[in-house]
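Please look at the model below before reading on. My notes are set out as numbered points.

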Amino acid sequence: MFRKRCSSILGNGITINKDHQRSISKNTYRAAGVDIDASNEFVRRISPIAATTRRPGSDVEIGGFGAFFDLKSAGYNDPILVAATDGVGTKLLIARDVSRHDTIGTDLVAMCVNDIVVQGAEPLFFLDYMATGKLDPAAGEEIVKGIAGACIEAGCALVGGETAEMPGVYATNDYDLAGFAVGAVERGQQLTSDRIQAGDVVLGLASSGLHSNGFSLVRRIVSSLSLSYMDDAPFDSSRNLGEALLDPTRLYVKSCLAGIRSDFIHALAHITGGGLAENLARVLPDTLCAELDASSWQVPAVFQWLVKEGNVPYSDALQTFNLGIGMAVVVSADREDEAVKCLEDYGDTVFRIGGIVRRSGDSPVVSISGYMGL
(Lines give C-alpha, C1' and ligand atoms only; values in the text may rest on other atoms or scores of the structure.)
Protein backbone atom coordinates (compact mmCIF):
# COMPACT_ATOMS: atom_id res chain seq x y z
CA MET A 1 0.00 0.00 0.00
CA PHE A 2 2.89 2.43 0.81
CA ARG A 3 4.43 1.89 -2.64
CA LYS A 4 1.26 3.03 -4.41
CA ARG A 5 1.13 6.40 -2.75
CA CYS A 6 1.77 9.47 -4.91
CA SER A 7 3.97 11.15 -2.36
CA SER A 8 6.73 10.18 0.03
CA ILE A 9 7.57 11.42 3.51
CA LEU A 10 11.19 12.47 4.07
CA GLY A 11 12.90 12.11 7.40
CA ASN A 12 12.31 15.76 8.24
CA GLY A 13 8.58 15.53 7.65
CA ILE A 14 8.56 17.26 4.24
CA THR A 15 6.19 15.77 1.66
CA ILE A 16 7.28 15.76 -1.99
CA ASN A 17 4.86 15.04 -4.82
CA LYS A 18 6.44 12.37 -7.04
CA ASP A 19 5.13 13.84 -10.28
CA HIS A 20 6.64 17.24 -9.39
CA GLN A 21 9.88 15.58 -8.34
CA ARG A 22 10.17 13.96 -11.79
CA SER A 23 9.59 17.31 -13.51
CA ILE A 24 12.51 19.01 -11.75
CA SER A 25 14.90 16.06 -11.57
CA LYS A 26 17.31 17.56 -14.13
CA ASN A 27 17.87 20.73 -12.11
CA THR A 28 20.81 19.31 -10.17
CA TYR A 29 23.87 21.11 -8.91
CA ARG A 30 25.89 19.21 -11.52
CA ALA A 31 23.50 20.44 -14.25
CA ALA A 32 24.07 23.97 -12.96
CA GLY A 33 27.81 23.51 -13.56
CA VAL A 34 29.10 22.48 -10.12
CA ASP A 35 30.54 18.98 -9.76
CA ILE A 36 30.70 17.85 -6.12
CA ASP A 37 32.31 14.55 -7.17
CA ALA A 38 35.15 16.46 -8.85
CA SER A 39 35.57 18.53 -5.69
CA ASN A 40 35.79 15.41 -3.53
CA GLU A 41 38.29 13.90 -5.96
CA PHE A 42 40.35 17.09 -5.76
CA VAL A 43 40.44 16.96 -1.94
CA ARG A 44 41.45 13.30 -2.12
CA ARG A 45 44.35 14.19 -4.41
CA ILE A 46 45.68 17.14 -2.43
CA SER A 47 45.32 15.91 1.17
CA PRO A 48 48.57 13.86 1.12
CA ILE A 49 50.35 16.72 -0.66
CA ALA A 50 49.34 19.21 2.05
CA ALA A 51 50.45 16.73 4.73
CA THR A 52 54.05 17.01 3.51
CA THR A 53 54.12 20.65 4.68
CA ARG A 54 53.69 19.86 8.41
CA ARG A 55 55.90 21.91 10.71
CA PRO A 56 56.11 22.59 14.47
CA GLY A 57 52.90 24.28 15.52
CA SER A 58 50.73 22.76 12.81
CA ASP A 59 49.37 19.29 12.26
CA VAL A 60 47.96 19.64 8.76
CA GLU A 61 44.49 18.17 8.30
CA ILE A 62 42.63 19.28 5.16
CA GLY A 63 38.83 19.29 5.31
CA GLY A 64 38.00 20.99 8.59
CA PHE A 65 36.21 24.29 9.05
CA GLY A 66 39.40 25.97 10.20
CA ALA A 67 43.02 25.27 11.10
CA PHE A 68 44.75 25.57 14.46
CA PHE A 69 48.31 26.80 14.87
CA ASP A 70 50.19 26.52 18.16
CA LEU A 71 52.59 29.45 18.46
CA LYS A 72 54.13 28.09 21.64
CA SER A 73 54.98 24.80 19.94
CA ALA A 74 56.55 26.82 17.14
CA GLY A 75 58.94 28.34 19.69
CA TYR A 76 57.43 31.80 20.23
CA ASN A 77 57.10 33.53 23.61
CA ASP A 78 55.62 36.97 22.91
CA PRO A 79 54.92 37.04 19.18
CA ILE A 80 53.42 39.65 16.91
CA LEU A 81 51.52 38.17 13.96
CA VAL A 82 52.13 39.41 10.42
CA ALA A 83 49.63 38.69 7.63
CA ALA A 84 49.87 39.06 3.86
CA THR A 85 47.71 38.25 0.87
CA ASP A 86 48.41 38.35 -2.85
CA GLY A 87 47.69 36.71 -6.18
CA VAL A 88 49.48 35.85 -9.40
CA GLY A 89 47.74 38.29 -11.74
CA THR A 90 47.42 37.70 -15.46
CA LYS A 91 50.38 35.34 -15.48
CA LEU A 92 47.60 32.79 -14.94
CA LEU A 93 46.45 33.31 -18.53
CA ILE A 94 49.80 32.18 -19.90
CA ALA A 95 49.73 29.11 -17.67
CA ARG A 96 46.26 28.32 -19.00
CA ASP A 97 47.26 28.84 -22.63
CA VAL A 98 50.24 26.47 -22.41
CA SER A 99 48.51 24.04 -20.01
CA ARG A 100 51.27 24.26 -17.42
CA HIS A 101 50.09 24.81 -13.87
CA ASP A 102 52.88 23.63 -11.52
CA THR A 103 54.87 26.88 -11.37
CA ILE A 104 51.85 29.08 -10.64
CA GLY A 105 51.51 27.56 -7.17
CA THR A 106 55.10 28.54 -6.39
CA ASP A 107 54.37 32.10 -7.51
CA LEU A 108 51.33 32.29 -5.24
CA VAL A 109 53.26 31.32 -2.11
CA ALA A 110 56.32 33.40 -2.94
CA MET A 111 54.36 36.61 -3.43
CA CYS A 112 52.94 36.25 0.08
CA VAL A 113 55.84 34.86 2.12
CA ASN A 114 58.39 37.25 0.60
CA ASP A 115 56.19 40.05 1.94
CA ILE A 116 56.08 38.37 5.37
CA VAL A 117 59.85 38.09 5.73
CA VAL A 118 60.29 41.77 4.83
CA GLN A 119 58.70 42.57 8.22
CA GLY A 120 61.34 40.45 9.95
CA ALA A 121 58.83 37.64 10.47
CA GLU A 122 58.94 33.90 9.84
CA PRO A 123 56.11 32.58 7.64
CA LEU A 124 54.17 29.99 9.63
CA PHE A 125 51.17 28.90 7.59
CA PHE A 126 49.50 29.43 4.25
CA LEU A 127 46.01 29.11 2.80
CA ASP A 128 44.96 29.24 -0.84
CA TYR A 129 41.78 30.17 -2.69
CA MET A 130 41.05 28.91 -6.19
CA ALA A 131 37.98 29.95 -8.18
CA THR A 132 37.20 28.34 -11.52
CA GLY A 133 34.46 27.87 -14.07
CA LYS A 134 34.87 24.08 -14.03
CA LEU A 135 37.14 22.21 -11.65
CA ASP A 136 39.84 20.09 -13.27
CA PRO A 137 41.18 17.91 -10.43
CA ALA A 138 44.40 17.08 -12.33
CA ALA A 139 45.26 20.72 -13.06
CA GLY A 140 44.30 21.65 -9.50
CA GLU A 141 46.61 18.96 -8.18
CA GLU A 142 49.51 20.44 -10.17
CA ILE A 143 48.81 23.86 -8.69
CA VAL A 144 48.75 22.47 -5.15
CA LYS A 145 51.98 20.55 -5.75
CA GLY A 146 53.62 23.88 -6.57
CA ILE A 147 52.06 25.48 -3.50
CA ALA A 148 53.21 22.67 -1.22
CA GLY A 149 56.74 22.67 -2.62
CA ALA A 150 57.04 26.40 -2.05
CA CYS A 151 55.60 26.08 1.46
CA ILE A 152 58.21 23.47 2.32
CA GLU A 153 60.97 25.71 0.94
CA ALA A 154 59.65 28.66 2.95
CA GLY A 155 59.13 26.58 6.09
CA CYS A 156 55.39 27.20 6.38
CA ALA A 157 52.48 24.76 6.54
CA LEU A 158 49.70 24.55 3.99
CA VAL A 159 46.81 24.35 6.46
CA GLY A 160 43.80 24.70 4.18
CA GLY A 161 42.02 26.70 1.55
CA GLU A 162 38.91 27.00 -0.56
CA THR A 163 38.06 25.82 -4.06
CA ALA A 164 35.03 27.46 -5.63
CA GLU A 165 33.43 26.27 -8.86
CA MET A 166 31.60 29.32 -10.25
CA PRO A 167 30.19 28.81 -13.75
CA GLY A 168 28.91 32.07 -15.15
CA VAL A 169 31.58 34.07 -13.35
CA TYR A 170 34.50 32.20 -14.94
CA ALA A 171 34.70 30.44 -18.30
CA THR A 172 35.18 26.66 -18.24
CA ASN A 173 38.99 26.70 -18.50
CA ASP A 174 39.58 29.89 -16.50
CA TYR A 175 40.68 30.06 -12.89
CA ASP A 176 41.98 32.61 -10.43
CA LEU A 177 44.17 32.19 -7.37
CA ALA A 178 44.67 34.09 -4.13
CA GLY A 179 47.05 33.28 -1.32
CA PHE A 180 47.04 34.15 2.38
CA ALA A 181 50.04 33.80 4.68
CA VAL A 182 50.56 34.42 8.39
CA GLY A 183 53.91 34.76 10.08
CA ALA A 184 55.26 35.77 13.47
CA VAL A 185 58.10 37.77 14.96
CA GLU A 186 58.99 38.20 18.61
CA ARG A 187 57.90 41.56 19.95
CA GLY A 188 60.62 44.18 19.47
CA GLN A 189 62.42 42.21 16.77
CA GLN A 190 60.37 43.31 13.76
CA LEU A 191 62.17 45.20 10.99
CA THR A 192 61.31 48.91 10.87
CA SER A 193 62.81 51.96 9.22
CA ASP A 194 64.27 52.97 12.61
CA ARG A 195 67.24 50.67 12.07
CA ILE A 196 68.37 52.23 8.79
CA GLN A 197 71.30 54.65 9.00
CA ALA A 198 73.22 56.88 6.61
CA GLY A 199 76.19 54.89 5.33
CA ASP A 200 74.29 51.60 5.14
CA VAL A 201 74.79 49.51 2.01
CA VAL A 202 71.98 48.36 -0.30
CA LEU A 203 72.40 44.84 -1.64
CA GLY A 204 70.24 43.42 -4.41
CA LEU A 205 69.24 39.77 -4.59
CA ALA A 206 68.81 38.56 -8.16
CA SER A 207 65.32 37.73 -9.38
CA SER A 208 64.51 34.56 -11.28
CA GLY A 209 62.84 36.55 -14.06
CA LEU A 210 59.56 38.42 -14.23
CA HIS A 211 58.26 36.91 -10.99
CA SER A 212 54.52 37.79 -10.94
CA ASN A 213 54.33 41.42 -12.00
CA GLY A 214 53.87 43.22 -15.29
CA PHE A 215 52.16 40.41 -17.18
CA SER A 216 49.40 42.57 -18.62
CA LEU A 217 52.14 44.50 -20.41
CA VAL A 218 54.02 41.30 -21.28
CA ARG A 219 50.93 39.77 -22.87
CA ARG A 220 50.28 42.98 -24.82
CA ILE A 221 53.83 42.90 -26.20
CA VAL A 222 53.59 39.22 -27.16
CA SER A 223 50.31 39.92 -28.96
CA SER A 224 51.69 43.01 -30.74
CA LEU A 225 54.59 40.93 -32.07
CA SER A 226 52.16 38.22 -33.31
CA LEU A 227 53.98 35.57 -31.29
CA SER A 228 52.61 32.33 -29.91
CA TYR A 229 53.58 31.09 -26.45
CA MET A 230 54.57 27.84 -28.16
CA ASP A 231 57.16 29.67 -30.31
CA ASP A 232 60.82 29.54 -29.28
CA ALA A 233 61.58 32.24 -26.75
CA PRO A 234 63.50 35.00 -28.61
CA PHE A 235 65.73 35.44 -25.55
CA ASP A 236 66.16 31.72 -24.73
CA SER A 237 66.25 29.29 -27.65
CA SER A 238 66.24 26.26 -25.33
CA ARG A 239 62.59 26.79 -24.33
CA ASN A 240 59.34 27.98 -25.77
CA LEU A 241 58.13 31.46 -24.91
CA GLY A 242 55.43 30.32 -22.51
CA GLU A 243 57.81 28.19 -20.44
CA ALA A 244 60.35 31.01 -20.24
CA LEU A 245 57.76 33.55 -19.11
CA LEU A 246 56.42 31.16 -16.47
CA ASP A 247 59.68 30.92 -14.51
CA PRO A 248 58.43 30.96 -10.90
CA THR A 249 59.02 33.74 -8.40
CA ARG A 250 62.12 33.21 -6.29
CA LEU A 251 61.65 32.55 -2.58
CA TYR A 252 63.91 34.67 -0.38
CA VAL A 253 62.67 33.48 3.02
CA LYS A 254 65.49 31.23 4.20
CA SER A 255 68.34 33.52 3.20
CA CYS A 256 66.68 36.63 4.59
CA LEU A 257 65.69 34.94 7.86
CA ALA A 258 69.31 33.83 8.27
CA GLY A 259 70.40 37.44 7.78
CA ILE A 260 67.80 38.73 10.22
CA ARG A 261 68.86 36.24 12.87
CA SER A 262 72.51 37.19 12.34
CA ASP A 263 71.42 40.80 12.99
CA PHE A 264 73.12 42.43 10.00
CA ILE A 265 69.93 43.23 8.08
CA HIS A 266 68.46 46.67 8.78
CA ALA A 267 65.62 46.53 6.24
CA LEU A 268 64.20 44.49 3.36
CA ALA A 269 62.09 45.47 0.36
CA HIS A 270 60.32 42.91 -1.82
CA ILE A 271 60.48 44.24 -5.39
CA THR A 272 57.05 43.75 -6.92
CA GLY A 273 54.63 46.11 -8.73
CA GLY A 274 56.09 49.61 -8.74
CA GLY A 275 59.63 48.37 -9.30
CA LEU A 276 62.81 48.89 -7.35
CA ALA A 277 62.42 52.61 -6.62
CA GLU A 278 58.85 52.55 -5.30
CA ASN A 279 59.26 49.44 -3.16
CA LEU A 280 62.56 50.43 -1.59
CA ALA A 281 61.09 53.86 -0.80
CA ARG A 282 58.40 52.16 1.32
CA VAL A 283 60.94 51.11 3.98
CA LEU A 284 63.05 54.29 4.17
CA PRO A 285 62.55 56.95 6.86
CA ASP A 286 61.79 60.53 5.79
CA THR A 287 65.32 61.73 6.63
CA LEU A 288 67.18 59.26 4.41
CA CYS A 289 67.28 58.27 0.74
CA ALA A 290 68.88 55.57 -1.37
CA GLU A 291 71.25 56.16 -4.27
CA LEU A 292 71.43 53.19 -6.63
CA ASP A 293 73.74 52.38 -9.53
CA ALA A 294 71.87 50.67 -12.38
CA SER A 295 75.11 49.41 -13.91
CA SER A 296 75.92 47.33 -10.82
CA TRP A 297 73.78 44.32 -11.71
CA GLN A 298 73.04 42.22 -14.78
CA VAL A 299 69.59 42.77 -16.26
CA PRO A 300 68.20 39.38 -17.42
CA ALA A 301 67.66 38.84 -21.13
CA VAL A 302 63.86 38.65 -20.80
CA PHE A 303 63.72 42.29 -19.69
CA GLN A 304 66.10 43.43 -22.40
CA TRP A 305 63.90 41.74 -25.00
CA LEU A 306 60.65 43.14 -23.60
CA VAL A 307 61.94 46.72 -23.43
CA LYS A 308 63.57 46.67 -26.86
CA GLU A 309 61.05 44.69 -28.91
CA GLY A 310 58.06 46.02 -26.98
CA ASN A 311 59.21 49.63 -27.30
CA VAL A 312 58.72 50.15 -23.55
CA PRO A 313 59.85 53.55 -22.23
CA TYR A 314 62.63 53.31 -19.63
CA SER A 315 60.48 55.00 -16.98
CA ASP A 316 57.69 52.46 -17.54
CA ALA A 317 60.13 49.56 -17.34
CA LEU A 318 61.42 50.85 -13.98
CA GLN A 319 57.90 51.09 -12.57
CA THR A 320 56.57 47.83 -14.00
CA PHE A 321 59.31 45.19 -13.75
CA ASN A 322 61.84 44.12 -11.15
CA LEU A 323 64.54 44.28 -13.88
CA GLY A 324 66.64 41.60 -12.21
CA ILE A 325 66.43 42.54 -8.52
CA GLY A 326 63.78 40.66 -6.54
CA MET A 327 64.72 41.76 -3.03
CA ALA A 328 66.62 44.80 -1.75
CA VAL A 329 68.57 44.26 1.47
CA VAL A 330 69.85 47.18 3.59
CA VAL A 331 72.83 46.17 5.75
CA SER A 332 75.39 47.94 7.90
CA ALA A 333 78.54 48.81 5.91
CA ASP A 334 80.88 47.14 8.41
CA ARG A 335 79.10 43.81 7.95
CA GLU A 336 78.67 43.88 4.18
CA ASP A 337 81.08 41.02 3.48
CA GLU A 338 79.43 38.84 6.13
CA ALA A 339 76.02 39.64 4.68
CA VAL A 340 77.04 38.76 1.13
CA LYS A 341 78.55 35.45 2.22
CA CYS A 342 75.49 34.50 4.27
CA LEU A 343 73.06 35.30 1.46
CA GLU A 344 75.18 33.52 -1.14
CA ASP A 345 75.42 30.46 1.11
CA TYR A 346 71.64 30.15 0.76
CA GLY A 347 71.85 30.27 -3.02
CA ASP A 348 71.18 33.93 -3.74
CA THR A 349 73.12 35.92 -6.32
CA VAL A 350 74.04 39.17 -4.58
CA PHE A 351 74.91 42.58 -6.06
CA ARG A 352 76.04 45.73 -4.25
CA ILE A 353 73.61 48.16 -5.86
CA GLY A 354 73.90 51.34 -3.78
CA GLY A 355 73.87 53.01 -0.42
CA ILE A 356 71.88 55.09 2.04
CA VAL A 357 72.56 58.83 2.42
CA ARG A 358 70.93 61.73 4.22
CA ARG A 359 68.09 63.33 2.33
CA SER A 360 68.21 67.02 1.57
CA GLY A 361 65.62 69.31 0.03
CA ASP A 362 63.45 67.78 -2.66
CA SER A 363 65.84 64.97 -3.56
CA PRO A 364 64.06 61.75 -4.59
CA VAL A 365 63.66 59.05 -1.96
CA VAL A 366 65.31 56.59 -4.34
CA SER A 367 67.49 57.72 -7.24
CA ILE A 368 68.75 55.33 -9.92
CA SER A 369 71.68 56.43 -12.06
CA GLY A 370 74.04 54.61 -14.40
CA TYR A 371 73.45 52.59 -17.55
CA MET A 372 71.23 49.53 -17.09
CA GLY A 373 71.84 48.07 -20.52
CA LEU A 374 68.27 48.40 -21.75
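The points below cover conventions, the sheet and its helices, the nonpolar cores, aromatic pairs, cysteines and a few single residues.

1. Conventions. This is a predicted model, in which local features need pLDDT of at least 70 and side-chain atom pairs count only at pLDDT 80 or more, while totals for chains, interfaces and linings use all residues. Residues are numbered from 1 along each chain as its sequence is written, and side-chain values use heavy atoms, with hydrogens and water left out. Helices (H or I, at least four residues) and strands (E, at least two) are DSSP runs numbered from the N terminus.

2. The sheet. Six strands make up an open sheet of mixed pairing, in the order β10-β12-β7-β13-β11-β14. Its edge strands, β10 (265-270) and β14 (366-369), each pair on one side only. From one strand to the next the twist averages 25°. Two strands are taken as paired if DSSP finds at least two bridges between them. Strand β11 (residues 288-293) and strand β13 (residues 350-358) are antiparallel and share five bridges; L292 has G354 in β13 as its bridge partner.

3. Helices on the sheet. Helix α8 (residues 253-261) packs on the sheet, where it touches β7 (201-206), β10 and β12 (325-331). The direction of α8 makes about 160° with that of β10. Helix α12 (residues 336-345) lies across β7, β12 and β13 and runs at about 15° to β7. Axes here are lines fitted to C-alpha atoms, for helices over the stretch in contact, and angles run from 0 to 180 degrees between N-to-C directions. Contact means heavy atoms within 4.5 Å.

4. The nonpolar cores. A core is a set of buried Ala, Val, Leu, Ile, Met, Phe, Trp, Tyr and Cys residues joined through side-chain atoms within 4.5 Å. Buried stands for under 20% relative accessible area, exposed for over 50%, and partly exposed for values in between (1.4 Å probe, protein chains only). The largest core has 105 residues, of which F126, L245 and L280 touch the most other members. Helix α4 gives the most to this core, with nine residues. Not counting residues up to four places away in sequence, L280 touches V202, A269, A290, L292, A328, V330 and V366. Another core, of nine residues, lies apart from the largest one and includes A74, L124, F125 and A157.

5. Aromatic pairs. Rings of Phe, Tyr and Trp (its six-membered ring) pair if their centres lie within 6.5 Å; planes under 30 degrees apart count as stacked, over 60 as edge-to-face, and the rest as tilted. A search of the whole structure gives three such pairs. One of them is F69 with F125, tilted, at 5.3 Å centre to centre and 35° between the planes. This pair links distant parts of the chain, 56 residues apart: F69 is in the loop between α2 (36-51) and β3 (79-87), and F125 is in strand β4 (residues 122-132). F69 is buried at a relative accessible area of 18%, and F125 is buried at 18%. F235 and W305 are also a tilted pair, because their ring centres are 5.5 Å apart and their planes are at 45°. F235 sits in the loop between β8 (232-233) and β9 (236-240), and W305, 70 residues away, in helix α10.

6. Helix α10. Which residues of helix α10 (residues 301-309) are buried? They are V302, F303, W305, L306 and V307, with W305 at a relative accessible area of 9%. These buried residues pack against α6 (215-224), α7 (241-245) and α11 (314-320). N311 follows α10 and has a positive phi, near 55°.

7. Cysteines. How many disulfides does a search of the whole structure find? The search returns zero, a disulfide being a pair of cysteine sulfur atoms within 2.5 Å. C156 is in no disulfide either; its nearest cysteine sulfur, that of C151, is 3.8 Å away. C112 is buried at 0% relative accessible area, and C156 is buried at 1%.

8. N114. N114 lies in helix α4 (residues 102-118). Is N114 buried or exposed? It counts as buried, because its relative accessibility is 0%.
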